[in-house]
Amino acid sequence: MGKHYLFYVAHSYAYAILFPIEEEIARRGGVSAWFIEQGCPTEALGERRRIENFDEVDNFAPVAVFAPGNYIPDFFPGVKVEVFHGYPINKRADKHDDHFTIRDWFDLYCTQGPSSTAPFNAIAQRLGTFRVRETGWAKSDSYIRAAERILKEPTGRPTILYSSTFTRSLTSTTILADEIERMVASGRWNWIFMFHPKLDDAQVLAHYRSLAERYDNARYYGNTFDMEAMVQADAMLCDSSSIIMEFMLLDKPVVTFRNSMPGAHLLDVSEIEAVEPALEKALTRPETLMSALREWRDNHEAHRDGLCAARILDAVDELIADGGTKCLRPKPLNLVRKLKLRKKLGYPLFRKL
């Protein structure tokens, strides 16, 4: 029987990130299973193998555990692998990008491109408690394959994908609601509404759902990520969501409304009446914009060959071959964080400390 690997999931957005790794594990003859935090939706898993108690995790004995979040149970067997839930775009424009906060959970950081690799390498050299390998983001494999597999529908008019961050201070869902409805009603373009799983404003979601119900040129996906929707869109309207970078993986332009970190790679506007003209310009794919987009994208995601998941597993194999955690300096005790996570998950507080 092949090696065992475990996926640790706290939020539903993790599935799309981890599925390409699962596929690569199967291709190599390995076995994978899923441990899902209580309260996280599981519909996307279908009939996949789930592990629901800690003794079963120990018996499964994974050689590695993957998480795309900020933490991972230290008491699970195997090396702990950070595969990230997004790119270091610092959407809140903080002095310190939380993407680079070290919480002493992970043994291996699988970075996406120069923008993340260099900072993590500098920290790893100083601390010595984890290894860094630039592998590319596993989810980008799905974009590459989708672009090859899914044919764009010949609708006769461009399609705009509208998405938004869940961060209340940055979201455009309310302030642009009337303008977006006006543009939908005009019938110039097709529209797709697809929002972050953490965007939970029922009134906002109901508004955009109603647009899809009332207009035949609008489709509503709610909080459900859909790769085909990304492929079908010709341009994106957004604000400061990390999905901007994901859309750019498909080499498509983005218009943003009051983006927290604007730049030449975006058509950013601050006034409502400027949104439609900016979309018009984006749909022409001006060379200056697309060149800046590609430069910015390549700095964040250097690997768009569909082999990121393979590189992640190669990095895991390399770390294990070098002795796993034995080749790293011991991590700080991290007692408070460990006790908090044990309490959250219902694990015995002082077991395996």
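A residue counts as buried when its relative accessible area is under 20%. By that cut-off, five of the five residues of strand β8 (residues 190–194) are buried, so this strand is largely enclosed by the rest of the structure. The model is predicted.

**Strand β8 and its partners**

- The side chains of β8 are divided between two directions: Asn190, Ile192 and Met194 point one way, Trp191 and Phe193 the other way, and all are buried.
- Strand β7 (residues 159–162) runs parallel to β8 and is joined to it by four bridges. In this pairing Thr159 stands opposite Asn190 of β8.
- Between β7 and β8 the chain passes through helix α5 (residues 177–186), giving a β-α-β crossover that is right-handed.
- Strand β9 (residues 218–222) also pairs with β8 in the parallel sense, over four bridges.

- Glu82 stands opposite Tyr109 in β5.

**Helix α4**

- Helix α4 (residues 138–149) has 12 residues, and at 1.5 Å a residue it should span 16 Å. The C-alpha atoms at its ends are 18 Å apart, which agrees.
- Its buried residues are Ala138, Lys139, Ser140, Asp141, Tyr143, Ile144 and Ala146.
- The cover over these buried residues includes the helices α1 (14–27), α7 (227–232), α8 (243–248) and α11 (308–321).

**Aromatic pairs**

- Across the whole structure, a search finds 31 aromatic pairs.
- One of them is the stacked pair of Tyr15 and Phe19, at 6.1 Å centre to centre and with 15 degrees between the planes. Tyr15 and Phe19 are four residues apart in helix α1, so about one helical turn separates them. Both Tyr15 and Phe19 are buried.
- Phe54 and Tyr347 form an edge-to-face pair, with 4.9 Å centre to centre and 90 degrees between the planes. This pair links distant parts of the chain: Phe54 lies in helix α2 (residues 54–60) and Tyr347 in the segment after α12 (335–345), 293 residues apart.
- Phe54 counts as buried because its relative accessible area is 16%, and Tyr347 is buried at 3% relative accessibility.
- Phe54 and Tyr347 also belong to a cluster linked by ring pairs, together with Tyr8, Phe35, Tyr71, Phe75 and Phe76.

How values were computed: Residues numbered from 1 in each chain as written. Predicted model: local features only at pLDDT ≥ 70, side-chain atom pairs only at ≥ 80, totals over all residues. Heavy atoms only, no water. Expected span 1.5 Å × (residues − 1). Buried < 20%, exposed > 50% of the residue type's maximum accessible area, 1.4 Å probe, protein only. Contact = heavy atoms within 4.5 Å. Pairing = 2+ DSSP bridges. Right-handed = clockwise from strand over helix to strand, strands pointing away. Phe/Tyr/Trp six-rings, centres within 6.5 Å; stacked < 30°, edge-to-face > 60°.
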